[in-house]
Amino acid sequence: MRRLRSGFLAVIAALGLVLASAGPAPAAGPITTAIYTADPAALVVGDTMYLHTGHDEAAPGGTNFVMRDWHVFSSGDATTWTDNGAKLSISNFGWAGADAWAGEVEPRNGKYYWYVPVNGNGAGWMDIGVAVGDTPLGPFTDAKGGPLISDGTPNSSPLNIDPTVFTDDDGQAYIYWGSYYGLRAAKLKPDMVNLDGPVVTPAGVTNFWEAPWMFKRNGTYYLAYAANDSGCSQPGYACIRYATASSPLGPWTHRGVVLDQVTSTTNHPAIVEFKGQWYMVYHTAGAPGGGNFRRSVTLDKLYWNADGTMRKVVQTTGPGGGGQPPTGTNHALTATASTSYVSPWETLGAIKDGAVPTGSADHSHGAYGNWDHRGTEWIEYQWPTARNISRVATYWFDDDQGIDLPASCQVQYWNGGSYVDVPGQSSCGVAGDIYNVTTFNQVSTTRLRLKITSRSGYSTGVLEWMAL
């Protein structure tokens, strides 16, 4: 995850649905609707999948991460999840003071080692500590009494976060970590709490930013990681790229993008096989009340090509849930639509016809498009009397020609005298093939507007725009 630190913007960064029920939640959405979760690590033990996650506690509209503990979720079917509670916290490390960021649990010798980045009380910024427990649910205690990796570790990363640990068939364990394009790796001693040899800089990992995830399949080593280059995401967002190697320390060969950008600026992968099916676990910020610092973990199935490359994951469990529109009263159905410009052959009314697209290229029910206009255009709803609205859901049109997914968007409302930005707006998502849900503090208004800014050289379009 990209991080913010007292007065320092690390850069807009690696899921978030809101408070509802504390019980098990179906996986056609987030793994829980009781808290905000992020940075998943997946572990399979017997017939159970465990997800060790971070816990977002930022207030609505917060502009920094507030993370003080980690939770453990479990499932026997990768569909229904149980929150087993906070099983590790900053207070478990006497030498740490803040920032319970992205970690991972690795089994060894009948124990479970939880590697986590924390903000130490000593010199430097982020350190990586390790806790140990007898089961995937703990209880966990500090296994070392100090950092495993710190700024003082020779050749450490520019930012020591996001550890992933992998044990090879010969019993040798490896740890990868880093951020700010500083991927690092090292062997671990059999005790799992000390490095075994020097820290190395893996070669061949293209556009690495953070959040590495290491695993092995059919004799090939795979390294997935968050990247934020313009070739896979809009500025400030991350996608998930991956590379392969014939040995655990590389050199690596880049293979492509396996997960497109999501509704949160950060992106964090975990890839695991469970009961014969592979899964990509990740987080987004498209849920009601969610945002870049209030995320929620979800997962989707991952499939393989015959040559061992991964197919790009289809985000079916995004903010709409299974590709379906979010629930609630859709005030768009009773609104009058208008726009700054619509192409003569397109249909503005399609944005409120209630049709459920099969993907962003599906204009079988018509589509709004503004080709060949560039820059910022808008669509608008108007009602004869005020409506109470606290979120919108936008399904973008992308014809793979002159109309593309937008660079950015902004929701505005009429305050009686002019258009102003809605208060407390979460990320205005621009992902394809899903309902991008944008939440904000409830407004009572007779007009709602969506400003859409195109990518360079393209126009934009919308299949559905819901006002809820």
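The points below cover aromatic contacts, strand pairing and backbone geometry in this predicted model.

1. Basis. Local features require pLDDT of at least 70 and side-chain atom pairs count only at pLDDT 80 or more, whereas totals for chains, interfaces and linings use all residues. Residues are numbered from 1 along each chain as its sequence is written, and side-chain values use heavy atoms, with hydrogens and water left out.

2. Aromatic pairs. Across the whole structure, 22 aromatic pairs are found. Rings of Phe, Tyr and Trp (its six-membered ring) pair if their centres lie within 6.5 Å; planes under 30 degrees apart count as stacked, over 60 as edge-to-face and the rest as tilted. F215 and W304 are one of these pairs. Their ring centres are 6.3 Å apart and their planes stand at 70°, so the pair is edge-to-face. F215 belongs to strand β16 (residues 210–217) and W304 to the loop between β22 (296–302) and β23 (336–339), so the contact ties together parts 89 residues apart in sequence. Strands (E, at least two residues) are DSSP runs, numbered from the N terminus.

3. A second contact of W304. W278 and W304 also form an edge-to-face pair, with 5.3 Å from centre to centre and 75° between the planes. W278 lies in strand β21 (residues 277–284), and this pair links distant parts of the chain, 26 residues apart. F215, Y222, Y242, W278 and W304 form one aromatic cluster.

4. W304 has a relative accessible area of 12%, and W278 is buried at 11%.

5. Charges over rings. A charge sits over a ring if NZ of Lys or CZ of Arg is within 6 Å of the ring centre and within 35 degrees of the ring normal. The charged end of R447 sits over the ring of W414, 4.1 Å from its centre. R449 has its charged end over the ring of W378, 3.8 Å from the ring centre.

6. Partners of β25. Two strands pair if DSSP finds at least two bridges between them. Strand β25 (residues 376–396) runs antiparallel to β23, and four bridges join them; S338 stands opposite E380 in β25. With strand β28 (residues 436–453), β25 pairs in the antiparallel sense over 14 bridges, and T376 has T453 in β28 as its bridge partner. Strand β29 (residues 461–467) is another antiparallel partner of β25, over five bridges. The bridge partner of V392 there is A467 in β29.

7. Cis peptide bonds. The bond from G138 to P139 is cis, with omega near 5°. P139 is in the loop between β11 (126–133) and β12 (141–142). W371 and D372 are also joined by a cis peptide bond, with omega about 5°. D372 is in the loop between β24 (368–369) and β25.

8. Positive phi. N207 is not a glycine, yet has a positive phi of about 55°. N207 is in the loop between β15 (184–188) and β16, and is partly exposed, with a relative accessible area of 33%. D433, likewise not a glycine, has a positive phi of about 70°. D433 lies in the loop between β27 (419–421) and β28 and counts as partly exposed at 45% relative accessibility.

Conventions. Buried means under 20% relative accessible area, exposed over 50%, partly exposed in between (1.4 Å probe, protein chains only).
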